[in-house]
Amino acid sequence: MSRFIDSRLGALEEYVPGEQPQDKKYIKLNTNEFPYPPAPQVIAAVTAAEVADLRLYSDPTCKVLKEKLAARYGAEPENVFVGNGSDEVLNFAFMAWCRGGAAFADITYGFYSVFAELYGIDAEVIPLKEDLSVDPEEYMNKGKAVVLANPNAPTGLCLPRDTIERVVKSNPGSAVIVDEAYVDFGGESATELTKKYDNLLVVGTFSKSRALAGARVGFGVGDKELIRDLEKIKYCTNPYNINRLSLVAAAAALDARAYYDEKDALVAETREKAQKELRARGFAVSESKANFIFATHEKIPGGALYEALKARGILVRHFTVPRIRDYNRITVGTPEEMKTLIDNIKEIINGLE
Ligand code: PMP
């Protein structure tokens, strides 16, 4: 770092993204990317003419994409914000509504604590229950913003919509941000509640269930005043936050619902099968409704399993946080990738005996 950096920023602990190796080819089950390509319509939409138009700025209002998102979620375009990945939506939400503090889980998406620190927000970190589930009662009547990932990451565990509604209802004086990055793999979305409650922002992404992680498109659905707040920050930082090609790709993805519904269901089916096989090999596995599996085995520390798999060309995600350091988070790949994973895990575990 240079000697010019603001000392408060210099001291921040950064978010560490999962490895994106550029050297050798791994079976990549570490960053919850989709195992299948984007829909053929998406690939066809990114034409040479669209590339040629890159000389022009993108639409700062994201009109077409907002209209399609609104139609998809039964809202109006003024209820939709589009961000550069859901990370940007979450970033703006922390900036906008968390001055008075924010409550979130100890084991959840790692960016929440980074944003809290970045903006000097007083964070109330609420431990998950012993079984790693969220205790919703702990999020009622907080008098500060509440941030919940549902399904949670990296556990994959979900709260039902009526429980989310109770949390939202009990916090009328603060924003409740529900991060639904993984909802399409088996969770229950709270987007319909945004019509009833003006303090709820539901955050979604094209990175997971729509195979567009590299395009960086996320969104928020909520009351139009909440959306105005996010727009305000966008127009104070980066009005052209979504590039032209990503706008085109995301809009085409919304037109390809049948393709994604089928592939999302296939990922969910592959997850169920792999979870069953891991349990049969002695793993404790959480009841994930996301596109990843969260698993631990009493015979091998999480870090050792991660290293052994990496040496065999398979990347999974290991977190060093003490409470979950014996777990690994394994993204659900294709059935073939999961077979290779499980065959390798069997060999590793058998080698211990
Ligand atoms: N929320 C959760 C819970 C996530 O796991 C991720 C992915 N790392 C994100 C949000 C951000 O995803 P993106 O910025 O790609 O939309």
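The model is predicted.

**Domains and their interface**

The chain splits into two domains. Domain 1 is built from two segments, 18–37 and 258–350. Domain 2 spans 40–255. Their C-alpha centres are 25 Å apart.

The two domains touch through 26 residues of domain 1 and 28 residues of domain 2. Together they bury about 2000 Å². Carbon and sulfur atoms account for 64% of that area. On the domain 1 side, the residues that lose the most area to domain 2 are Tyr-260, Lys-289 and Arg-323. These three make up 34% of what that side buries.

Polar links also cross the boundary. Eight residue pairs are in polar contact between domain 1 and domain 2. Helix α10 gives the largest share, six residues. By class, the domain 1 side holds 14 nonpolar, five polar and seven charged residues.

One salt bridge is found across this interface.

**Ligand surroundings**

Twelve positions need listing here. The residues around the ligand are Gly-85, Ser-86, Asp-87, Leu-90, Tyr-109, Asp-179, Ala-181, Tyr-182, Thr-205, Ser-207, Lys-208 and Arg-216.

| Residue | Side-chain atom | Ligand atom | Distance |
|---|---|---|---|
| Tyr-182 | polar | oxygen | 2.6 Å |
| Thr-205 | polar | oxygen | 2.6 Å |
| Arg-216 | N or O | oxygen | 2.7 Å |

**Salt bridges**

Side chains of opposite charge can pair when their charged atoms come close. The count for this model comes to 20 salt bridges. One of them joins Asp-255 and Lys-68, whose closest N and O atoms are 3.2 Å apart. Asp-255 sits in the loop between α9 (244–254) and α10, while Lys-68 belongs to helix α4 (residues 63–72), so this pair ties together parts 187 residues apart in sequence.

**Backbone features**

Most residues other than glycine have a negative phi, and most peptide bonds are trans. Where does the chain carry cis peptide bonds? One joins Asn-150 and Pro-151, with omega about 0°. Another joins Ala-153 and Pro-154, with omega about 5°. Pro-151 is in the loop between β5 (145–149) and α7 (161–169). Pro-154 lies in the loop between β5 and α7 as well.

Cys-62 shows another backbone feature. Its phi is near 50°, a positive value in a residue other than glycine. Cys-62 is placed in the loop between α3 (48–52) and α4. Helix α4 (residues 63–72) is also the element that holds Lys-68, the partner of Asp-255.

Note on methods. Residues are numbered from 1 along each chain as its sequence is written. This is a predicted model: local features need pLDDT of at least 70, side-chain atom pairs count only at pLDDT 80 or more; totals for chains, interfaces and linings use all residues. Side-chain values use heavy atoms; hydrogens and water are left out. Domain bounds come from an automatic or database domain assignment. Contact means heavy atoms within 4.5 Å. Buried area is the accessible area (1.4 Å probe) that two parts lose on being put together, summed over both. A salt bridge is a side-chain nitrogen of Lys or Arg within 4 Å of a carboxyl oxygen of Asp or Glu. A polar contact is a pair of N or O atoms within 3.5 Å; within protein, one must be able to donate a hydrogen and the other to accept it, and residues adjacent in sequence count only if both atoms are side-chain atoms. Helices (H or I, at least four residues) and strands (E, at least two) are DSSP runs, numbered from the N terminus. Ala, Val, Leu, Ile, Met, Phe, Trp, Tyr, Cys and Pro count as nonpolar, Asp, Glu, Lys and Arg as charged, and the others, Gly among them, as polar. A residue is near a molecule or strand if one of its heavy atoms lies within 4 Å of it.
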